[in-house]
Amino acid sequence: DGVPLRRVCMEDKDDAPGGAAAAQAAGGGSSTYKWLENKWTDEAAGSGLGPAGLANAAAIEKKRKEKERLRRQKAAVSSIQRGMHRHLFVIVDFSKAMKELDFKPSRLSATLKAVENFIKEFFDQNPIAHMGVVVTRNGIAEKLTDLAGNPSRHINAILAASQDLRTCMSGEPSLQNALFCAASSLQHVPKYGCREIVAVMASLTTCDPTNIMDTIAMLKRNSVRCSVISLTAELFVHQHLAEETGGTCCVALDERHLHQLLLEHVRPPAAPAAAAAAAHMVRMGFPMRVFEQNPTFCVCHKELRKGGYVCPQCGGKYCELPTDCGICGLSLLSSPHLARSYHHLFPLPCFEETEDLAEKTLCRGCLAVLPKRVGYHCPTCSSVFCADCDVFIHESLHNCPGCEMR
């Protein structure tokens, strides 16, 4: 799709396409690898795209997004029980393998951008979930943030840890230490909570103190679902970890594919059979926001601050929601947070594509004329929408405007 890319070893400039001059023009010899765009030639014209291949790249990309949209919607519409109260740890590889430049502009930059986008989308679709971040390098694991519901805290912690690019990537990773660090925090999650780990690994090795198979068996006993996204190749230990714990193991092909693989974990996974069979009553509190003239102590920051949310059970003050009360342990959230979490349990049905519509048919969402007389109609209210509104309704709004206005 789009402009094909090829990787050229800059250390052997004479073998590079175009000779040493082309290699020197591509960026000198400071980097081991550089990406060069393969422009369309007469050979590409013979493949069917012709000289207008670059102009058709947008159409090819649009068609790819359309197939991806249909695939996501069909996967979302399923009558299975999903966990709403999610507790997820993201493991990021900060070893020397992140210095490679096969991802543009580097593995670390591409990973940080993808993880940041994943954190924002995760909390947007799962407002009552909790997340933590663990990084591994030099054979050890470091917990940057514990389980919390504030996306800004996790993003700032990752960016702060990667400020010095010369020293943040060093040594070999330890997958076992990272898994054990995350599992030690997940063991306090109640039974009705969904325990998950998503690891983004770039190294082909792992420096572990003991047998990692024992750690995988422990994760399986504790019902921790582990998934691995590799930037290099599929390893046996990654595949075995995913198979034993019910997760997934994938290899990212490029930056865009890495984003897609991470976004696959935004939707809650299917609940385990044991958890789906049992029902739990979860106590939650809906605190009221107070405005104060004089500052008082907040439980979350242990500082004097004006205003906040007061726990209805113990009276502790907190600056943000959702959170867990540190005094009485009550889950604190607002009613919109709870309402936004239900769309995973009751997803919208897929809109069916309709062709040969009447001339100047308007989209029910944006009121624009449907291009090429093609639209997508809701099977419940028969309202017709354009492709952009269809994506917005299923991925962000989660409610059909036509059904809501009936």
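**View A. Strand 17 pairs with strand 18.** Strand 17 and strand 18 (residues 375-377) are joined by 3 bridges and run antiparallel. Strands are DSSP runs of E, at least two residues long, and helices are runs of H or I, at least four long, both numbered from the N terminus. Two strands count as paired if DSSP finds at least two bridges between them. Glu352 has His377 of strand 18 as its bridge partner.

The model is predicted: local features need pLDDT of at least 70 and side-chain atom pairs count only at pLDDT 80 or more, while totals for chains, interfaces and linings use all residues. Residues are numbered from 1 along each chain as its sequence is written, and side-chain values use heavy atoms, leaving out hydrogens and water.

**View B. Strand 6 is enclosed.** In strand 6 (residues 194-201), 8 of the 8 residues are buried, so the strand is largely enclosed by the rest of the structure. Buried means under 20% relative accessible area (1.4 Å probe, protein chains only); exposed means over 50%, and partly exposed lies in between. In a regular strand the side chains alternate between the two faces of the sheet. Cys194, Glu196, Val198 and Val200 are buried on one side, and Arg195, Ile197, Ala199 and Met201 on the other.

**View C. Strand 6 has parallel partners.** Strand 3 (residues 86-93) runs parallel to strand 6, joined by 7 bridges. Leu88 has Glu196 as its bridge partner in strand 6. Strand 7 (residues 224-230) also runs parallel to strand 6, again with 7 bridges. Here Ala199 is partnered by Val228. Strand 6, helix 8 (residues 212-221) and strand 7 make a right-handed β-α-β unit. Right-handed means that, with the strands pointing away from the viewer, the path from the first strand over the helix to the second runs clockwise.

**View D. Helix 4 packs against helix 5.** Helix 4 (residues 107-125) and helix 5 (residues 151-161) pack at about 170 degrees, with axes 10 Å apart. That makes the two helices roughly antiparallel, a term for angles over 145 degrees. Axes are lines fitted to C-alpha atoms over the stretch in contact, and angles run from 0 to 180 degrees between N-to-C directions. Contact (heavy atoms within 4.5 Å) involves Leu112, Val115, Glu116, Ile119, Lys120 and Phe123 of helix 4 and Pro151, His154, Ile155 and Ile158 of helix 5. Buried residues of helix 4 include Leu112, Val115, Ile119 and Phe123.

Notes
Parallel < 35°, antiparallel > 145°, perpendicular 65-115°, else oblique.
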